[in-house]
Amino acid sequence: IFEKAVSDEIINRIELLTSSSSPQWGKMSVDQMLAHCNVAYRYAFHPEEFKKPNAFKKFLLKTIIKGFITNDKPYSKNGPTAPDFVITATKDFEKEKQILLDYINKTQQLGTNHFEGLENISFGRMTANEWSNLFYKHLDHHLKQFGV
């Protein structure tokens, strides 16, 4: 996700979405999906917005869940969603889309040095590669969900 060509590919796919795009699986509308994808970036750029997990929960997240989230295997359809990522309200499609595009561009411009060792409130310190996998896999999964 830190390479411009990869970011551009994701951005081009996002640009194919419309406010009437329908999911091929799952319950979220396209506006909710965009807001949902923005949460991963808010974890990186605005962690103060979220409640930190207690020590036991963080241990479980780091030792069990982190590997699934940050490896290079694609996510499966209809997987579980963490509570912070559940979006049930209707959102402004254009606004959420622009926020996501801005986050992708900011992430690409900051690059690996910014993300190397950056703390994730759920998974602790992560490598730039783990952040890249997390961002890319999550976006790719949901863009596929909406057929782009």
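**Ground rules.** I am reading a predicted model, in which local features need pLDDT of at least 70 and side-chain atom pairs count only at pLDDT 80 or more, while totals for chains, interfaces and linings use all residues. Residues are numbered from 1 along each chain as its sequence is written, and side-chain values use heavy atoms, with hydrogens and water left out.

**Fold.** I read their order from the N terminus as α-α-α-α-β-β-α. The radius of gyration of the protein chain is 15 Å, close to the 15 Å that the globule rule gives for 148 residues, so the chain is as compact as a globular protein of that length; the radius is taken over C-alpha atoms, and the rule is 2.2 Å times the number of residues to the power 0.38.

**Burial.** I noted that 45% of the 148 residues are buried, which I take as under 20% relative accessible area with a 1.4 Å probe, protein chains only.

**Helix α5.** I checked residues 128-145, where 18 residues at 1.5 Å a residue should span 26 Å, and the end C-alpha atoms are 26 Å apart, which agrees; the expected span is 1.5 Å times one less than the number of residues. I found α5 mostly covered, with 15 of its 18 residues buried. After α5 comes Gly-147, whose phi is positive, near 75°.

Note on methods: Helix = DSSP H or I, 4+ residues; strand = E, 2+ residues; numbered from the N terminus. Buried < 20%, exposed > 50% of the residue type's maximum accessible area, 1.4 Å probe, protein only.
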